Every structure is written in C-alpha cells, then in structure tokens.
Amino acid sequence: MAKNPIKITDTTFRDGHQSLMATRLRMEDMEPLLADMDAIGFHSMEVWGGATFDVTTRFLGEDPWERLRTFKRLLPNTPLSMLLRGQSLVGYRAYADDVVDAFVERSAEVGVDIFRVFDALNDPVNLGQAARAVKKAKKHLQMAVCYSITEEGRLGGPIYNLKYYMAKVKEFEALGADSICIKDMGGLLAPYDAFQLVTEIKKATKVPLQLHCHYTSGMASMTVLKAMEAGVDIVDTCLAPLALRTAQPAVEPLLVTLGDTDRDPGLDLDRILEIGDKLEKVLPKYRSYLERPRSAVIDARVLKHQIPGGMSSNLVSQLREAGAIDRLDEVLEEITRTRKDLGYPPLVTPMSQMIGSQAVNNVLFGHYEMITGPVRDYVAGAYGTPPAAIDKDLTKLAMTDREPITGRPADNIEPELEAAREAIKGISSDIDDVLIYALYPTTGLRFLKIKHGQEPMPDEMKPEYLETPQAATNLFDAPPRSPNARQFNVFVGGEHFQVEVDPVRPVGDAVVRQVSSAATPKSPPTGAPVQAPAPSPGPEVATGDATIVAPIPGIVLKYEVEVGQHVAAGDPVVLLEAMKMENSLPSPIDGTVKALPAQRGQTVAKDVVLAIISP
Ligand code: CO
C-alpha cells in the first residue's frame with residue numbers, strides 16, 4: 001500500500017468529450033460503460049456541468065436532468081462531480097440569485113456530490129451565492145482558480161504571478177472551500193511552475209488540492225507528475241480514447257508511472273484497458289466531430305495563443321459552418337489582441353466564447369464593427385472586475401447603449417424564477433423544466449416543446465448513425481425510402497442533377513431510443529412518421545430593397561421592429577444568436593420594414609435573409 005496514494009477524478013464523460021468532440025457523446029453510448037467505471041474506485045467522476053447541460057438541450061434532444069439521474073443510478077459507489085460557472089451556473093451570463101439557489105439545490109438532490117465552482121474572472125463577488133447554496137445543500141464545495149498567464153508564457157509577470165494565486169486561494173478558503181482546484185483549461189501550466197505553485201499552496205492551506213489540466217500544449221502529463229511530486233492530492237485524467245489532444249492526460253500511463261511508488265493510486269490497469277476498448281468501439285460514429293485539421297496530437301502554438309480545448313474545437317466547427325475555416329489562423333491571432341483589449345481575462349467559459357466570437361466578428365466584419373451584446377455587458381462591468389484595465393477606445397465603442405455597473409453584478413438582476421415558471425406554464429410546471437427555461441429561454445424553450453411532444457424532434461437532434469454503411473449491391477437490397485429522405489439540387493459544371501438523400505439508421509431502433517430519452521412522450525413511438533416541412537418560398541426582394549442576411553449561422557432571438565415600421569440606417573432590426581453570443585444586426589439603409597421572414601427561435605444558415613427594408 002502506497003503511503004500517500006494520489007486520488008484520481010475521471011473526466012471522460014464531461015471534459016473528455018467536451019474538449020474533443022464538442023460534447024456530443026450521447027447517454028446511450030456511455031450507459032453500457034458505467035457499471036465497469038463504478039467498480040474502478042475513482043475518487044470521483046466528473047459527469048455534468050460545463051457544456052453538457054447546454055449541448056444536451058440544444059443539440060441532442062436529451063434531458064440533462066435525466067442524464068444526471070442515470071449517472072447517479074449506474075454509478076452508486078463513485079461521487080459525482082459537476083463543473084459550475086459560479087453565478088453563470090451552466091450558462092453564459094450571470095443569473096439571478098433565486099435561479100442560482102434553485103439550480104444548486106436541484107443538482108444536489110438529483111445527484112451531484114461535488115460542485116467545482118469557478119468564475120471566469122476569479123472574482124469572488126460572482127462565487128459567493130453559489131458557494132453558499134452548495135454549503136446549504138451539505139455537498140462538497142470545491143473552489144477552482146482559473147490558471148492563466150500573459151504573453152510571457154510562464155507563471156509570473158505583472159498579473160498572473162504567485163502572489164495572485166495565493167491571494168485567490170485565501171479568498172476561496174474564506175468562502176468555505178472544502179477543497180481547492182487549480183483549473184488549467186488552456187494547458188498552460190508548465191511542469192516546474194506547477195511544482196512551485198503546488199508547493200506554495202500546500203504550505204498555505206490545509207484543504208485538499210486538486211489539479212485539472214488540459215493536454216493541449218503537450219505539457220500536461222509532465223505537469224501532473226511534477227504536481228504529484230510537490231504533494232497535490234487529486235488529479236484529473238481521462239480514459240485513453242478521449243484523453244490527450246485538448247482533453248486531460250490519460251490515466252493508463254499514469255498508473256504504470258506510479259506503480260510501486262508512494263503515490264500509487266492502486267487502480268486496476270487491466271480493467272481500465274477493457275473499458276477503454278469498449279469506448280473505442282462507439283467512437284467511430286462520432287468521427288465527424290473527432291476529425292482534426294492538423295496531424296499533430298498537440299498544438300504547440302497554444303503556448304502562444306493560450307486557447308483552451310473546448311474553445312478551439314468550437315471555433316473550428318463554427319468557422320466551418322460559417323464557411324470561413326480558412327481564416328482560423330487569423331482568428332487565433334485576433335484572439336490575443338481582443339483579450340488584451342478586454343483586460344486579460346482568463347480564457348475560460350464564458351470569457352473564451354465571448355472573446356472567440358468577438359475575434360471572429362473582428363476578422364469577418366472589421367475591427368469592433370460588430371460588438372456582441374456580451375462584450376458590451378462585460379465592458380459595462382456585468383461580469384465583474386477584469387484583472388487589468390479595458391482598452392479605452394473599446395470602452396467608448398461598447399458603452400454607447402450601456403450604463404456602467406458597480407458593486408456585485410447579480411445585485412442588478414431581479415429574481416427570474418417566477419417569470420420562468422409563468423413563461424412555460426402551458427408546457428410544464430416541473431422545476432427541472434423551469435430551470436432549463438430560466439437558463440436558456442430560446443434553445444431551452446424549443447427543447448421543452450420537443451420533450452413534451454408539442455413539437456417534433458428535428459432530424460439534426462436525432463442520434464446519428466455514422467458507421468460505414470453497408471453498400472447496397474443491387475436494388476433489391478436497397479432499404480425503403482424513409483420520410484426523412486430529402487431532395488437536393490446538385491450542380492456540376494453546367495449540369496444539374498436532383499438527388500434524394502436519406503440518413504442511414506437502423507429501422508425502428510432510432511425511434512425507440514429517441515423517445516426513451518424524453519421523460520414524458522405525449523405520442524407513442526409507433527405514431528405517424530413526421531413529415532419534413534416543405535421548404536417555404538423565399539421572400540420577395542424588389543430592386544432597390546436592402547436585405548439583412550445572417551452573416552454567420554445562428555438562431556433568431558427576436559426582431560426589434562415590425563413590418564411597416566420606419567427605420568433609420570444603423571437602427572437595430574434583428575437579434576441573432578451566433579456562436580452562443582447575441583449580435584444586433586442593424587438596418588443598412590433608411591427605409592420601411594417590408595418583410596421579416598424568420599421566426600423567433602428559428603435556426604438559420606449563413607446568408608439566409610432575415611429582413612427586407614424598402615427605401
Ligand atoms: Co477542463
């Protein structure tokens with residue numbers, strides 16, 4: 001028996017797939033592995049929070065609370081951990097205190113044992129409410145300090161130095177932390193810096209210290225080893241199939257490394273290898289998410305641009321959707337400049353999305369020509385105090401329609417829970433549903449309508465079956481054409497073809513799985529097949545009319561005007577959520593609103609017409 005065995009948190013089912021495959025792993029593919037995982041003896045498993053809550057409701061048509069219930073049922077012996085963004089919970093803005101309290105209370109009741117709470121700016125004013133709620137629920141409060149650096153690339157410098165981190169540890173202890181975590185989301189913590197940081201923190205505090213780092217830059221396995229030498233208590237790892245790259249270090253080599261040392265965790269390598277083999281078998285169908293544009297397993301450039309794993313995989317998929325993947329390098333460079341302008345916030349959710357989408361806007365539309373709503377709010381102080389000053393020119397541009405916020409940002413937010421209850425009373429009164437709506441009024445509402453049978457599940461939410469299809473050798477082997485078949489026009493040179501495309505999926509199977517993931521289906525799975533809506537004819541654009549098109553794919557949040565209304569050039573017309581950020585799209589001319597063809601909540605592709613203005 002080792003003298004001081006390292007404890008291991010497995011992050012495969014949260015950060016692993018969030019970092020490597022945009023959080024798309026479905027519950028049906030995790031479920032068969034859980035009994036084996038539960039038998040390993042992990043200190044804890046991180047299975048919830050971060051992007052999982054958003055992605056399940058937005059893209060997978062899966063109830064996140066149901067997912068947590070399933071984890072709890074199938075992992076009875078392993079404490080479950082979630083990542084919580086302080087006052088922002090699992091969303092991208094600060095919520096009212098009543099939403100924070102209710103969300104933490106329900107999460108604790110349904111199955112979360114350890115709450116890892118952080119704030120993107122490491123600002124304690126955004127952590128107090130969540131910390132008190134975790135304490136009230138009598139669960140383990142882990143406070144995470146986001147590890148960040150400036151361009152020097154190492155611990156130190158004017159902002160992110162040892163003094164800064166030690167002060168944070170003391171502040172977090174004062175909030176009642178049961179443990180402290182160093183959260184190195186960008187893979188930026190260098191091994192010898194980790195040794196120094198862990199040594200100093202262990203001297204200063206008695207609470208256990210955990211290290212969470214990403215492999216992105218290639219340092220994480222070395223960093224974990226040095227941190228263990230310095231006495232860190234717990235480290236985060238993934239199973240090999242979802243480890244390394246932008247995820248956590250792999251657990252398997254660590255077990256061999258530590259064998260027969262005083263930090264040997266005593267976990268069974270053979271059993272872990274078997275689970276890894278099973279996980280390997282389900283991953284090929286997610287290969288469109290797992291594919292990467294570079295051949296290197298590490299991204300050594302992250303040492304310069306500091307972009308965390310989840311953020312770069314999102315940027316790649318979002319730029320690809322916008323048809324601008326060729327501008328990735330430009331965006332990566334712009335991120336460094338944008339971050340400096342914003343006062344060097346750590347690159348972590350929601351700062352990473354905020355900076356990422358603003359950098360994309362700056363590259364695609366010009367420097368601060370289109371400032372997102374969240375960046376305006378941030379500059380006004382809605383997210384707390386940045387570690388350094390915000391650029392003066394940006395402040396002027398962003399504050400045209402904002403008042404500065406002083407004091408605790410959440411003090412300016414009225415209670416939100418009752419309004420959320422009222423808004424969905426025609427759909428559900430379940431507190432879990434109310435919370436989904438309170439967190440995501442647009443995508444959450446759409447999810448709730450689908451869950452409660454008021455809207456069909458769109459094709460893109462259904463489980464994809466991406467295994468190599470069996471080639472139909474003759475027409476008799478061809479499967480019957482399903483109602484999901486869609487016609488496409490294909491233009492090759494001067495020629496035009498019409499083809500029908502039908503997604504391959506096991507007959508019947510998909511329907512049953514889809515329904516079992518919704519809690520209370522209103523219609524039986526054997527009901528009439530859902531017909532794909534016929535494409536509606538495009539709105540009439542006359543000569544001289546100006547149009548507002550979606551500059552990037554997104555969701556129409558609302559129109560600021562009505563048909564027939566007069567608008568001046570520059571007046572906001574439509575609010576589009578793109579890359580999870582609100583963008584106000586202005587009228588290009590003075591004129592009259594002729595048509596507003598999109599629906600509130602509609603997902604639109606790039607270049608879809610959102611408004612027509614007649615001069
Ligand atoms: Co992480």
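**Stop one: a charge over a ring**

Select R24 and F59. The charged end of R24 sits 4.0 Å from the centre of the F59 ring, over the ring itself. Keep in mind as you go that this is a predicted model.

For another contact of this kind, jump to K226 and F195: K226 lies over the face of F195, at 5.1 Å from the ring centre.

**Stop two: rings with rings**

Now colour the aromatics. The structure holds 13 aromatic pairs. Pick F53 and Y440: their ring centres are 6.1 Å apart and the planes meet at 50 degrees, so this pair counts as tilted. F53 belongs to helix α3 (residues 52-60), while Y440 is in the loop between α20 (431-439) and α21 (443-451), so the pair ties together parts 387 residues apart in sequence.

Next, go to Y378 and Y383. Their centres are 6.3 Å apart with planes at 45 degrees, so this pair is tilted. Y378 is buried at 0% relative accessible area, and Y383 is buried at 8%.

**Last stop: an open sheet**

Show the cartoon and find four strands in the order β15-β14-β12-β17, with antiparallel pairing. β15 (581-586) and β17 (603-604) are at the edges with a single partner strand each, so one side of each has no neighbour in the sheet. Inside, β12 (residues 554-559) and β14 (residues 572-578) pair over four bridges. Zoom in on V556 to see L576 of β14 opposite.

How values were computed: Residues are numbered from 1 along each chain as its sequence is written. This is a predicted model: local features need pLDDT of at least 70, side-chain atom pairs count only at pLDDT 80 or more; totals for chains, interfaces and linings use all residues. Side-chain values use heavy atoms; hydrogens and water are left out. Two strands pair if DSSP finds at least two bridges between them. Helices (H or I, at least four residues) and strands (E, at least two) are DSSP runs, numbered from the N terminus. Rings of Phe, Tyr and Trp (its six-membered ring) pair if their centres lie within 6.5 Å; planes under 30 degrees apart count as stacked, over 60 as edge-to-face and the rest as tilted. Buried means under 20% relative accessible area, exposed over 50%, partly exposed in between (1.4 Å probe, protein chains only). A charge sits over a ring if NZ of Lys or CZ of Arg is within 6 Å of the ring centre and within 35 degrees of the ring normal.
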